[in-house]
Each structure stands twice: as structure tokens, then as C-alpha cells.
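Thanks for coming. Please have a look at the model on the screen, and then I'll walk through a few local features.

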Amino acid sequence: MDTFWEAIARGYVPFIANIGLLALLAWSVSALARSPFALQAKQTKTAKAGLGLLFGVTSAGLMFVPIELEPGIFGDGRGAPLLLAGVVGGPIAAVITTTIVALTRLSIGGAGVASGLVYVVTLGAIGLTYHYFIRSRAAAATDVKRLTLLAAGASVATLPVVLLLPPEKQVAALMTIWPKLTIANIVGVGVLGSLLGREIQRLKWEAALVRSEQRFRDFAKSASDWYWETNAELKFIYVSERYRQITGFEGATILGRTRHQVTMEETNTEKWTQHLADLHSHRPFREFSYKLRTADGDVITIAINGVPIFGAGGEFMGYRGIGTDITQRVEAEQAILQARDKAEEANRAKSAFLANMSHELRTPLNAIIGFSEVIRDQSAKADIAKYREYAADIHDSAQHLTSLINDILDLSKVESGAADELDEEEVDIFDIAASAERLVQPRAAEGGVLLEFEISQDSPPLSADARKLKQILVNLLTNAVKFSPRGSKVITRACPVPDGGYMIQVCDEGIGIAAEDIPKAMSLFGQIDGGLDRKYEGTGLGLPLIKALTEQHGGSFTLESRPDVGTTVTVLLPTERLLPKRPPQAAKAYG
């Protein structure tokens with residue numbers, strides 16, 4: 001008769017030891033799954049081998065603390081780890097566990113060696129079969145219902161093992177031991193399998209979360225956009241590395257600050273008011289753009305998208321979103337708009353030019369037609385003096401018409417890049433000035449404008465196209481006379497300049513041009529007074545043509561003007577246009 005303590009030692013101590021070993025197995029699997037190598041895809045086989053060792057050692061340990069089920073008949077909890085090794089770890093874990101347990105059973109010996117080996121191999125094979133069956137159906141391997149059916153099926157499959165026991169123990173084993181082991185296996189496999197399954201699944205989720213976070217960080221580093229997050233107070237709590245690459249500032253410099261504290265823009269505007277209203281209403285937003293100053297002092301334009309974040313209870317937690325540097329896009333859009341505006345302005349100028357040109361062409365044409373009809377119809381009754389006057393008017397109108405057409409053709413050639421090559425020759429600036437004076441003097445006398453010429457006695461001959469140089473000076477003088485009041489004077493100066501080159505300058509005391517109107521006056525077809533009822537006639541081709549002809553000679557053209565004071569136009573020819581001086585000659589003056 002056993003004492004009290006002997007009974008406890010024989011019954012409860014082995015039971016508690018079995019439970020403890022199974023609990024230790026669960027903890028060990030968790031620790032293994034948490035280890036760094038278990039999370040690396042390249043070492044999956046190593047991790048599964050580790051699982052096989054854990055299950056095998058645990059099963060072997062359980063065999064050394066058996067529970068006496070009937071006098072002289074013992075059982076242990078090795079069945080649960082044997083089945084679960086294949087379920088959880090696949091073939092590698094199943095083979096290692098089965099081998100360890102089988103070798104342990106051989107080393108223990110005894111009358112039940114054969115039945116024990118068959119039992120071990122059968123359970124290992126059943127667990128592995130279950131593993132492949134579940135994987136082929138993409139089902140959860142550690143589902144409690146499936147594990148319960150697995151344990152029950154394993155008990156039925158191992159029932160023939162009883163026949164390997166000594167005959168005197170087969171009946172007892174079948175009637176009492178097998179039902180107890182079946183219940184123990186079902187409970188052990190169900191409970192331990194579900195615990196291990198949940199732990200492994202949780203660790204898989206953690207590993208997936210780590211990979212997902214790393215994937216996000218990799219994308220954030222390589223993306224052209226930068227990522228940001230704010231808290232419920234709309235203060236930045238995270239910005240990705242790309243922010244530093246774009247702005248030159250570390251992300252930490254804006255943490256704890258709101259967006260309107262970061263921008264260099266004035267935030268008391270309708271745009272910012274609407275944006276803040278969206279934020280306070282927790283509405284998502286897209287393409288909100290604002291300007292930032294970089295660490296280098298440059299100004300860039302940022303566009304951001306954001307979505308609100310809410311907690312499980314629906315409480316507002318802040319915003320997450322992305323930011324993009326759209327500086328180049330904005331500059332490109334502005335360039336397109338400017339080009340469009342210039343094209344529209346040029347189109348309007350061309351339309352105005354055509355309207356004005358039709359007026360300019362009709363005036364001399366009407367004179368030619370009218371006076372020629374008078375001569376044809378002999379309306380003056382053979383008054384020779386009258387006919388001479390009409391012929392002179394016809395000639396002047398034709399000359400004016402020819403001048404207009406020549407200007408149009410010359411400028412068209414220059415603008416199209418098909419301008420005639422310079423017919424370069426040695427040119428005397430005195431001769432050019434005298435010829436220009438003869439052409440412009442009648443109009444100057446009619447308008448009461450005095451022409452003065454100040455040409456340096458040191459003026460060397462020039463290498464230039466005489467016709468085009470004369471055209472430059474005639475157009476300059478014509479413009480000056482046209483816009484000068486009666487009693488004023490127009491001064492033409494020509495001389496070498498100290499820094500090299502040769503200057504031709506025309507100054508008038510006319511109406512002048514406002515600074516903001518100078519670009520328009522210099523543009524093709526541009527006229528300050530563009531209406532048909534304008535005070536001063538003209539095509540608006542004079543200044544652009546002068547500039548084009550000057551540049552064709554390699555020179556530069558500048559215009560300075562003040563309203564009601566006058567205008568100074570300077571043509572500067574390059575040094576290579578100057579030829580060696582000839583013997584001194586008397587200075588020429590015109591006025």
C-alpha cells in the first residue's frame with residue numbers, strides 16, 4: 001500500500017511534468033519564431049530544423065516522465081508534439097522529430113519497443129500528411145476543429161499498435177489505456193496546436209508588418225515624393241528622408257510646427273483660409289501648393305495631398321500624405337502662359353499693323369490714282385504748270401509707297417533669316433549723312449524742325465553696306481522729325497568711342513516714350529498709338545528695322561527716352577567696322 005506522498009509522486013508529479021514540458025515547448029517555439037534568422041527567407045529550412053529539434057527533444061523528454069495509466073502500463077504526452085511537428089514545421093521538422101523520438105524509444109528498451117516505434121512513426125507520418133493536405137487547400141493548419149479531428153483520426157490509425165503489445169496487456173490497453181490516450185491526444189493536440197498556431201500566426205503578422213514597414217521606408221527613400229504625418233494639432237510628427245533632399249533641411253527642423261508656420265508665404269489669403277478650413281473640418285485634400293525657401297536660399301513650390309486619420313473610436317488623430325516638388329512644372333506652366341501671352345500680343349500687333357498698313361498704302365495709292373485721273377481726263381485743260389504739280393505729287397506718293405514696301409520686304413527678310421548679305425564697301429559717314437539730310441530735310445522744313453549734324457573730324461571710313469547704313473540713318477531722322485514739335489531741333493552725332501567701335505546717335509526734343517512703352521515700340525508691328533485715328537502716321541516698322549539692320553552689321557542698338565523731354569537712339573558699330581584713317585579733311589556740319 002503506497003503512502004500519500006508516494007501516490008502523489010506516482011500520479012501527479014509525472015502529469016505536472018508532462019504539462020510543464022508541453023508549456024516549455026510552446027514557449028520555445030515562440031522564442032524560435034522571434035529569433036532574427038527565423039524571419040529571414042533564406043534561412044527558412046534552418047528555422048524548420050530548429051522546430052524539429054524542439055519538438056523532438058520535448059517528445060523525448062516526455063518519455064522520461066511517463067504517467068502510470070494502469071498497474072505496469074505507462075503513457076506519456078509524446079503524441080501531441082509528434083503530430084504537431086509535421087503540422088507546424090513541415091517535412092523537415094517531422095523527420096527530425098520522428099527520428100529523435102524513435103531513437104529515444106529504442107534506447108529505453110522494454111517489451112513495448114516494437115509497438116512504441118510503430119506508434120512514433122505512424123503519428124509523424126499522419127502529421128506530415130495533414131500538413132500537405134491543408135496546404136493544398138490553402139486552409140489554416142492550426143484550426144482547432146481540424147486539429148481535434150486530426151487527433152481523433154490519429155488515435156484510430158494507431159489502434160492496431162495495441163496488437164503489438166504482449167497478449168496479456170492487449171485487452172487492458174484496448175479497454176482502458178487507448179481511450180485515455182485518445183482523450184489526452186485530442187486535448188493536447190487541440191490546446192497546444194491552437195496556442196502554437198496563434199503564436200506563429202501572430203509572429204507571421206509581426207514579420208509581415210516589419211517587412212511592410214521596411215518596404216514603405218525603401219519606397220520613401222527612393223520615391224521622388226516625400227511623406228509626412230501630422231498629429232491632431234496639425235503639427236508635423238514625421239517627414240521622410242526625401243524632404244531633406246528637396247529642401248536641404250533636416251526633417252527634424254519642422255517637427256512640432258504646422259504647415260503655415262513652415263511656409264514663406266503670407267497665410268492671410270483666401271487660398272490658406274480655405275486650406276485651414278479643410279483641415280479643421282477633417283476633409284481630405286489634393287494638390288494644395290505653397291512655396292518654401294530651401295537651405296540654399298532658393299524658392300521652390302510644393303504640392304501636397306493628405307487624408308485624415310481616425311482612431312478606432314472615431315477620434316481625429318491627424319493627417320498623412322505626400323509632398324511633391326513641382327517647381328519645374330510651375331515654371332514650365334508660367335513659361336507656356338508667357339509664350340501664349342506673347343503670341344496673342346504679337347497676333348494683336350500684327351492685326352493692328354495690317355489695319356494701319358492698309359491705311360498707309362491707300363493714302364499714296366489714292367493720290368497716285370486721283371492725280372493720274374486728272375491728267376488722263378485733262379481736267380486742268382492743258383495747264384502745264386498744274387500737270388507738273390500733279391506729276392510731282394504722283395512721284396512723291398510713289399516714292400513714299402516704294403519706301404513702305406521696301407521697309408516691309410527688308411524686315412520680312414531679316415525676320416525670316418533670309419536677309420540679303422551685306423554688300424560691304426568703304427563708306428564715308430559724311431556722305432551717308434549728307435544723303436540722309438537731303439531726303440529728310442523737306443519734311444523737317446515743313447514741320448519747322450532744325451537738323452544739326454555733329455560728325456567728328458577724326459571719323460575714319462567704315463566697312464559697311466552703304467544702302468543699309470543710309471536706311472538706318474534715314475529711318476532714325478524720319479522718326480525724330482515726325483515726333484518733334486515745331487521749333488525744336490534734331491541732332492545727329494557720329495564719332496569713334498574710346499572703348500572701341502563707332503557711334504551714330506540721333507537726339508530729338510520730341511514727345512518721348514514712357515519706359516513701360518519702349519518694349520512695345522521696339523516690337524515687330526508695335527505702335528504706341530495704334531488706332532486708325534492716331535495722330536502720327538507710320539507702319540511701326542522703323543525701330544525694329546533699324547535694330548535688325550544694326551545687328552546685321554554686328555552692332556548694338558539702344559533707346560533712351562523720357563515723355564515730353566525727348567528720345568536718344570544710339571547705334572554702336574563694332575571696332576572691326578573701322579578702317580584705317582585717310583588724310584585729314586575739313587569737318588562737315590549740317591543745320
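First, a term. I call a residue buried under 20% relative accessible area, exposed over 50%, and partly exposed in between, with a 1.4 Å probe and protein chains only. On that scale D564 is exposed, with a relative accessible area of 70%.

Ground rules next. This is a predicted model: local features need pLDDT of at least 70, side-chain atom pairs count only at pLDDT 80 or more, and totals for chains, interfaces and linings use all residues. Residues are numbered from 1 along each chain as its sequence is written, and side-chain values use heavy atoms, with hydrogens and water left out.

Back to D564. Its phi is positive, about 65 degrees, although D564 is not a glycine. D564 lies in the loop between β13 (556-562) and β14 (566-573). Helices (H or I, at least four residues) and strands (E, at least two) are DSSP runs, numbered from the N terminus.

Now L234. This residue also is not a glycine, and has a positive phi of about 65 degrees. L234 sits in the loop between β3 (226-230) and β4 (236-239). Is L234 buried or exposed? Buried, with a relative accessible area of 14%.

Next, a helix pair. The axes of α13 (residues 466-482) and α15 (residues 542-552) come within 10 Å and cross at roughly 150 degrees. Axes here are lines fitted to C-alpha atoms, for helices over the stretch in contact, and angles run from 0 to 180 degrees between N-to-C directions. α13 and α15 are therefore roughly antiparallel to each other. The cut-offs: under 35 degrees is roughly parallel, over 145 roughly antiparallel, 65 to 115 roughly perpendicular, and the rest oblique.

Which residues of α13 meet α15? They are K468, Q471, I472, N475, L476 and N479. On the α15 side they meet L543, L545, I546, L549, T550 and Q552. Contact means heavy atoms within 4.5 Å.

How much of α15 is covered? Mostly: 8 of its 11 residues are buried. Among them are G542, P544 and A548. Just after α15, G554 takes a positive phi of about 80 degrees.

Last stop, D428. This residue is in the loop between β8 (424-427) and α12 (429-447). D428 is buried, with a relative accessible area of 14%. Its side chain reaches the backbone nitrogen of F430 at 2.9 Å.

That's my tour. Over to you.

How values were computed: A polar contact is a pair of N or O atoms within 3.5 Å; within protein, one must be able to donate a hydrogen and the other to accept it, and residues adjacent in sequence count only if both atoms are side-chain atoms.
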